[in-house]
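Here are my notes for a first reading. Please keep the structure open beside them and find each residue as it comes up.

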Amino acid sequence: MSDHPLKICIAVHSGFGHTARLADAAAAGARSTGAHIQTIPVETITDDEWQALDAADAIIFGSATYMGNVAAAFQAFAEQTGRRCIEGTWRDKVAAGFTNSGAKAGDKQSTLISLAVFAAQHHMHWVNLGLPPGWNSSRGSENDLNRLGFWLGAGAATDVDRGAADVHPADLDTCRHLGTRVAEVTAQLRAGRAVTEAA
Ligand SMILES: Cc1cc2nc3c(=O)[nH]c(=O)nc-3n(C[C@H](O)[C@H](O)[C@H](O)COP(=O)(O)O)c2cc1C
């Protein structure tokens, strides 16, 4: 059974730094499990970073929501993966996703769906958020984990007149949770594969 630290990449596009802060939070969560983390800004991806993605056990995708979907820069990255998609380079890696928008809803469900479809096209295993919805009862508050109530991935909202320093702490905690969960699921999958290969 392989005992090298899990390799988890976070492939992200953030135009103004808000989604980058979510990436940092997801990285912190995954790193807390002992995994090796590399964050890759997809708009400036290098050959070495492509190799890191190809070698990763899991890739967490993140994009700001622009015009109700992933940002164009993220989609440009996605389209550059066509050969890998055909050749199955990322097949059976673990995947998950997160996004940030200005509006509380902001049509960002579409962004998470796009990220999940992208992962599915690569035959990756999508990990959902794994949290109940927060802020959805009279006892809830905007400080709840998963305060915007997503299941598919982590969704955050930052007022459009606020800078990256003002990303909501609950959204950062939610992304930290996602990073931890991806690392845990990836470890479970690796352990399971080792057992089935040995049998
Ligand atoms: C071109 C553009 C399109 C946007 N479209 C949306 C949108 O559809 N829904 C929304 O809620 N916010 C929208 N926003 C606001 C961004 O999602 C928000 O500013 C976010 O914090 C940007 O994240 P970033 O700093 O990681 O780029 C848009 C912003 C830009 C620049």
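1. The shell around the ligand consists, by class, of six nonpolar, 12 polar and one charged residues; here Ala, Val, Leu, Ile, Met, Phe, Trp, Tyr, Cys and Pro count as nonpolar, Asp, Glu, Lys and Arg as charged, and the others, Gly among them, as polar. Please bear in mind that this is a predicted model, in which local features need pLDDT of at least 70 and side-chain atom pairs count only at pLDDT 80 or more, while totals for chains, interfaces and linings use all residues. Residues are numbered from 1 along each chain as its sequence is written.

2. In total, 19 residues surround the ligand, and the closest are Ser14, Phe16, Thr19, Ser101 and Gly106; a residue is taken as near the ligand if its C-beta atom, placed from the backbone, lies within 6 Å of it. At least two residues of this shell come from each of helix H1 (18-31), strand S3 (58-66) and strand S5 (94-101), and S3 gives the most, with three residues. Helices (H or I, at least four residues) and strands (E, at least two) are DSSP runs, numbered from the N terminus.

3. How do the axes of H1 and helix H6 (residues 169-198) cross? They come within 6 Å and cross at roughly 45°, where axes are lines fitted to C-alpha atoms, for helices over the stretch in contact, and angles run from 0 to 180 degrees between N-to-C directions. H1 and H6 are therefore oblique to each other, given that angles under 35 degrees count as roughly parallel, over 145 as roughly antiparallel, 65 to 115 as roughly perpendicular and the rest as oblique.

4. The residues that meet across this pair include Arg21, Leu22 and Ala25 in H1, and Asp171, Leu172 and Cys175 in H6; two residues are in contact if their C-beta atoms, placed from the backbone, lie within 7 Å. Sorted by class, the contact of H1 with H6 has 11 nonpolar, four polar and three charged residues.

5. Leaving aside neighbours within four places in sequence, Arg176 is in contact with Ala25, Ala26, Ala28 and Gly29.

6. Arg91 is exposed, because it has 12 other C-beta atoms within 10 Å, and, apart from its neighbours within four places in sequence, Arg91 is in contact with His122 and His123.

7. Please check the backbone of His123, which has a positive phi of about 60° although it is not a glycine. His123 lies in the loop between helix H5 (109-121) and strand S6 (125-126), and His123 is partly exposed, with 14 other C-beta atoms within 10 Å.

8. Asn146 deserves a look as well, as it has a positive phi of about 50° although it is not a glycine. Asn146 lies in the loop between S6 and strand S7 (154-157), and Asn146 is buried, with 23 other C-beta atoms within 10 Å.

Note on methods. Buried ≥ 20, exposed ≤ 12 C-beta atoms within 10 Å, placed from the backbone.
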